[in-house]
Each structure stands twice: as C-alpha cells, then as structure tokens.
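Hi,

Here is the structure I said I would pass on.

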Amino acid sequence: EDSFSLKSVIVNRIAGVQEIQRYAVWNSCCRKLSNLQSDLSICDSCGLSQIQTAADQTHFSVGVFIGGEHNVLLRVLQDQVQSFLKLYNGKAESCNRINVEKPTNSEIIAAFLAARNLKITFNSKTKLVSSILYTK
C-alpha cells in the first residue's frame with residue numbers, strides 16, 4: 001500500500017452508513033464468491049474449485065459516509081469493522097456491547113452512528129479504511 005495515498009481525518013461522528021454487504025469468499029485467495037452458477041465453482045483468479053456450503057465463512061464490508069468538510073464515502077472491511085467494534089465495546093455500557101465475531105447489521109450500524117471523536121485513516125485512492133481509532 002502506497003503510504004502517500006494514506007489520509008487521516010478526525011471526525012466528531014460518522015454521518016451515515018450506506019450499506020453492509022455480506023458475502024462468502026474463496027478459501028485460497030479470499031476474493032468474493034460471485035456469479036455462482038451451481039454449488040461448484042472455479043475461481044477466475046486462483047483457479048481453485050470450491051463447493052459453497054453454509055459453513056463457508058461469511059465476510060462483510062460496510063460503507064460509511066463522513067460528511068461535513070470531508071464529505072467522502074469509505075469502505076470498511078471486516079477486519080477493521082471488528083477492530084472498531086472491540087474499541088466500541090471498551091467504551092460501551094455492558095448492555096450495549098456487541099458480539100464482535102457475529103455482529104448483526106443493526107448492531108454494526110448503531111455502533112458506527114453512536115461513536116464520537118474518531119480518527120479514520122484510509123487510502124485516498126481506493127477509499128478503503130486502514131484504521132479507526134478514538135481520539136479521546
């Protein structure tokens with residue numbers, strides 16, 4: 001990752017959550033499983049044949065909108081969402097804590113919208129978030 005394309009911004013709050021996408025991934029290259037014609041598929045990237053089952057790990061990504069002076073839509077992948085949720089849980093009341101391994105869409109949205117005073121670092125070209133930290 002080009003460090004020159006990394007940008008950090010301090011935001012009081014996240015203006016909105018656009019969407020949460022959930023998807024299965026290839027076991028070898030971790031690309032999205034897509035365009036499945038049957039249970040058996042071959043990855044265009046790595047060539048691995050794989051059968052999609054209910055046991056396949058579901059991954060997710062979240063689109064968050066930072067308004068105000070920054071006005072940008074960012075994509076937060078699962079590992080960064082889980083890191084953020086762990087930090088969120090550290091600040092949340094015990095009744096509001098979230099299961100980091102299996103969060104529901106509504107829990108993810110509520111956590112992003114409730115969080116205040118965040119430092120968000122992202123790639124300014126790809127709009128992928130590399131870290132979310134509390135500033136206070």
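Below is what turned up, starting with the ground rules.

This is a predicted model, so to speak: local features need pLDDT of at least 70, side-chain atom pairs count only at pLDDT 80 or more, and totals for chains, interfaces and linings use all residues. Residues are numbered from 1 along each chain as its sequence is written, and side-chain values use heavy atoms, with hydrogens and water left out.

Buried here is under 20% relative accessible area, with a 1.4 Å probe and protein chains only. Val62 touches Leu74, Val81, Ile108 and Phe112, among others (heavy atoms within 4.5 Å, skipping residues up to four places away in sequence).

In α2, Ile108, Ala111 and Phe112 are buried. They line one face of the helix, because the buried residues fall within an arc of 95 degrees seen down its axis (directions from the axis to the C-beta atoms).

On to the strands, which pair if DSSP finds at least two bridges. β7 runs antiparallel to β1, with seven bridges, and Val9 sits opposite Ile120. β7 also runs antiparallel to β8, with five bridges. Five residues separate β7 and β8 in a hairpin, where Lys127 in the turn has a positive phi of about 65 degrees.

Cheers

Conventions: Helix = DSSP H or I, 4+ residues; strand = E, 2+ residues; numbered from the N terminus. Buried < 20%, exposed > 50% of the residue type's maximum accessible area, 1.4 Å probe, protein only.
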